[in-house]
Amino acid sequence: MRSRFLTALGSLFPPSRLLIQAAELAPFESDALTAFRARPIAVVIPESKEDVIQAVRLCRDHGVPFVARGSGTSLSGGSVPVAGGIVLALNRLNRILRIDPARRIAVVEPGVINLTVSQLAARHRLYYAPDPSSQSICTIGGNVAFNSGGAHCLKYGMTSNHVLGLTAVLPDGEVVELGGESLEGAGPDLHGLFVGNEGLFGVALEITLRLLPIPESYRTILAAYDRVEDAGEAVSRIVASGLLPGAMEIMDRLAIEAAEAAVHAGYPADANAILLVELEGERAVVDLDFARLSEVVRLSRPREVRVARDASERLLFWKGRKSAFSAVGRISPDYLVQDGVVPRSRLGEALGEIGRMGRERGIRVANVFHAGDGNLHPLILFDGRVAGALEKAEELAGEILRLCLRLGGSITGEHGVGMEKRDYLPAMFTPTEIEVMHRLHRAIDPKGLSNSGKMFPGGGAPALTAHGPHPLERAGIISRE
Amino acid sequence: MSAMAPFSEPSALTPGSVAEVVDLVARMPMVLAVGAGTKPVPSSCPEGCTPVAMRCLSGIVEYDPGELTFTALAGTPLGEIEAALARHGQYLPFDPPFARAGATLGGTIAAGLSGAGRQRFGGVRDFILGIRFVTGLGEQVRGGGKVVKNAAGFDLPKLFAGSLGRLGILVEATFKVFPRPKAFATLLFACGTVSEALQLLETLRPASFDFEAVEILPDESAIAIRLGGAPESFAGRLAAAERAAGRSASRLLEDADDAFWRNLEPARPAGADEILAKVPLTAAELPAFDAALAAAGARRRYSSGGNVAWIEWSLGFEALEAALRVQGLSGLALAGPAPRPLIGAIRGKAFRSRVKAALDPHNRFPDF
């Protein structure tokens, strides 16, 4: 059975694009959440959408599960293979098919790197807004599957707010076109439903993205505080003042230390919290807003305030923030990244509680978060070589998710449920709600072949291990948000 | 049209609680939720279908200005929501249409309608965060959440934007809101043709203005561009936009600006034989489509830089359907003599059928 399938696969893909040797398969066994691993029976490397469609139809005919994968940066185990299934490695579907400046759209293949879209659109003074921290390596296909976020979600929304339409092959081989190229639609927002499906609805083959004009001006301010609660309070004051910054980010002491050790961003070393706020838009507006922002920040009694003097200093402020996750690897052999969301006004409460829960368990927790949208990223530090440490860290992670729900938030802001949080889905949704989502899933993937085991509780689990960063991450090639 | 019952038919049932909505779905062969009836075509019931009036499921459930979110029952009039937001200097930036006519939050979501302000930050689909609805099996379901960022579960709130009451009965929704700019100002450029208007937009594009609204008005041979912000910023910015455009414009400030945009809001056409329709499109299709509309004598304007056409069409439904199909366009008929809301070349029907079968397997709601 398996050999018949592999033979058929071999008739679709030449040996150079069909990996079956153990050594070739190893890099695909896990993604950026290295705790989950599974070995696929093969990895195929499509070069065209027809390749993908044929591979999916072959899987359908043989009842073989498949997982589409971009750069494998998922932090929720979203692209972990299914044992006995294949991986569709989509990195070679990396063509930008069209950038249309007049319509402000880009039509791309799923393997296109997120940042590449903005780089190529820049000549038209346009950019692609969603900016997950892994944007220099993560792919648009993965962003679409997991509705990725980034630092600008309060003002600009998530990936789904920037996808206008897509062509996808459903798990049973049917090819559908959803949405279009217009900002508006008629009838139910089907592409809106597709984005964030966690791979369960099949594979996006071509994606139409909305581009925005590059802001004329940026003003970035960095404020240091004695207490992380004060930084959170400053964010509430900024929102209450009627300002709408593009990004508001907070890092706590441990995260600052890690970032400094890694990239020497020049953050105030003795601060217990750093708040990074960025305004962007037309210069005349930004200048007026900046005067107000400076006043609000001053009243929040920071111990130090810095204003980026130029573009390079602005990038340096951001470099520390964007590298914070991988930087934590410098102060701990292992860590779990969480992704819960709380209402913004309860950030201080959430952070206080997380700190308390960590201290109770003797576990260090570094906090990096998107304060503007209440998206927490507690980094739970542990040493995987110590027996039981991973389990203790996971238990704390679970407690943090339950805390987010108690405060009225969500178990995931941008990483998705994936493998990691599927057991917490019932904490957020009722059995009826999960059953309705199951019905939707079955209507689109009756055989359960596409990325099965993700999002819903109770699927088959690959082995749980506890060892260190992904080899690519250790090499500094990938980072985590 | 003979098969269509108007929304205000006395047989309308009026549930006062979500439990009563569930009961109605279980009891009636087919139901369709209706709000204030400002969009009569999508809220008209086919034969054998009973309208469910949502007006008693009304009111703001939760609004915390500091969170920039609110939750309201589906039957809440937009006017009530906008007034509550305005008291805290906030607003729904996508200018939901028909607000002054009494449109409800649920009806706006179900029709998937956004006004001129959708240009800058997006439309109803981009501001909806969470929903509560009743499926065709009478299940109560929450989708999305109450926070501005959330990736848990399938994105049902987006699916329900434009769902036309055919996938479930919306009972409650949570939205993101923004601080409202202190003031608005409008530049009105004379533009003889839509091609000239599109050319003007191309000329302005590299300057990276954050326009709140861009409206192409062939009936007035003009293009209207709206800026928002502090009033003291306007003198310089309006002049900069004129310089970038290479021509001067009439300026509308304060009440004149306000009145201008209020007059542009879609409204039910005066003539009984006229169809009001919304047609999504792009700048690429605009010149040819505009020529077809001009030839048909249709009144029209193009919102959001040419991303959506608002049309008043008097040559009958079949001719409108044909005009859309020729250009490969889809559309939504809102008022006037139209037997169904979705018209033209609708995409994704196969996918939509699967979704419909999952949420409403026994067709307790009308089909699209």
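In which helix of chain B does B:L85 lie? B:L85 lies in helix α2 of chain B, residues 78-86; helices (H or I, at least four residues) and strands (E, at least two) are DSSP runs, numbered from the N terminus. The structure is a predicted model, in which local features need pLDDT of at least 70 and side-chain atom pairs count only at pLDDT 80 or more, while totals for chains, interfaces and linings use all residues. Residues are numbered from 1 along each chain as its sequence is written, chains are lettered from A and ligands numbered from 1 in the order in which they are written, and side-chain values use heavy atoms, with hydrogens and water left out.

B:L85 has a relative accessibility of 1% and therefore counts as buried; buried means under 20% relative accessible area, exposed over 50%, and partly exposed in between, for a 1.4 Å probe and protein chains only. Residues up to four places away in sequence aside, B:L85 touches B:Y63, B:F70, B:Q90, B:Y91, B:L92 and B:V177, where contact means heavy atoms within 4.5 Å. B:L85 and B:S221 are separated by 136 residues in sequence, and their C-alpha atoms by 35 Å in space. For A:E257 and A:I331, the separation is 74 residues in sequence and 8.5 Å from C-alpha to C-alpha. A:E257 belongs to helix α9 of chain A, residues 253-263, and is partly exposed, because its relative accessible area is 37%.

The largest nonpolar core contains 152 residues, and those with the most contacts inside it are B:F175 and B:F351. A nonpolar core is a set of buried Ala, Val, Leu, Ile, Met, Phe, Trp, Tyr and Cys residues joined through side-chain atoms within 4.5 Å. Helix α14 of chain A (residues 389-406) supplies the largest share of this core, 10 residues. B:F351 has contacts in chain A: leaving aside its neighbours within four places in sequence, B:F351 is in contact with A:L170, A:V176, A:L178, A:L190, A:L193, A:F194, A:F201 and A:I444. Another core lies apart from the largest one and has 46 residues, including B:A185, B:F189, B:L281 and B:A296.

A:E282 is placed in the loop between β15 (273-281) and α10 (283-299) of chain A. A:E282 is buried, because its relative accessible area is 3%. Not counting residues up to four places away in sequence, A:E282 touches A:E216 of chain A, and B:S208, B:F209, B:D210, B:L227 and B:R237 of chain B.

Two helix pairs were examined, with axes taken as lines fitted to C-alpha atoms, for helices over the stretch in contact, and with angles running from 0 to 180 degrees between N-to-C directions. In chain A, helix α1 (residues 2-12) packs against helix α3 (residues 49-62) at an angle of about 165 degrees, and the axes are 11 Å apart. The two helices α1(A) and α3(A) are therefore roughly antiparallel; angles under 35 degrees count as roughly parallel, over 145 as roughly antiparallel, 65 to 115 as roughly perpendicular and the rest as oblique. Residues A:R4, A:F5, A:A8, A:L9 and A:L12 of α1(A) meet A:Q54, A:A55, A:L58, A:C59 and A:H62 of α3(A). In chain B, the axes of helix α7 (residues 194-204) and helix α10 (residues 286-295) come within 9 Å and cross at roughly 150 degrees, which means that α7(B) is roughly antiparallel to α10(B). On the α7(B) side the contact is made by B:V194, B:S195 and B:L198, and on the α10(B) side by B:L286, B:P287 and B:D290.

Positive phi values occur at B:F98, near 65 degrees in a residue other than glycine, and at B:L164, about 60 degrees although B:L164 is not a glycine. B:F98 is in the loop between β5 (90-91) and α3 (105-111) of chain B, and counts as buried because its relative accessibility is 5%. B:L164 is in the loop between α6 (156-160) and β8 (169-176) of chain B, and is buried, with a relative accessible area of 4%.

A disulfide is taken as a pair of cysteine sulfur atoms within 2.5 Å, and the count over all chains is zero. B:C49 is in no disulfide, its nearest cysteine sulfur being that of B:C45, 3.3 Å away. B:C49 is buried, at 9% relative accessibility. B:C56 is likewise in no disulfide, and the nearest cysteine sulfur, that of B:C45, is 17 Å away. B:C56 is partly exposed, with a relative accessible area of 45%.
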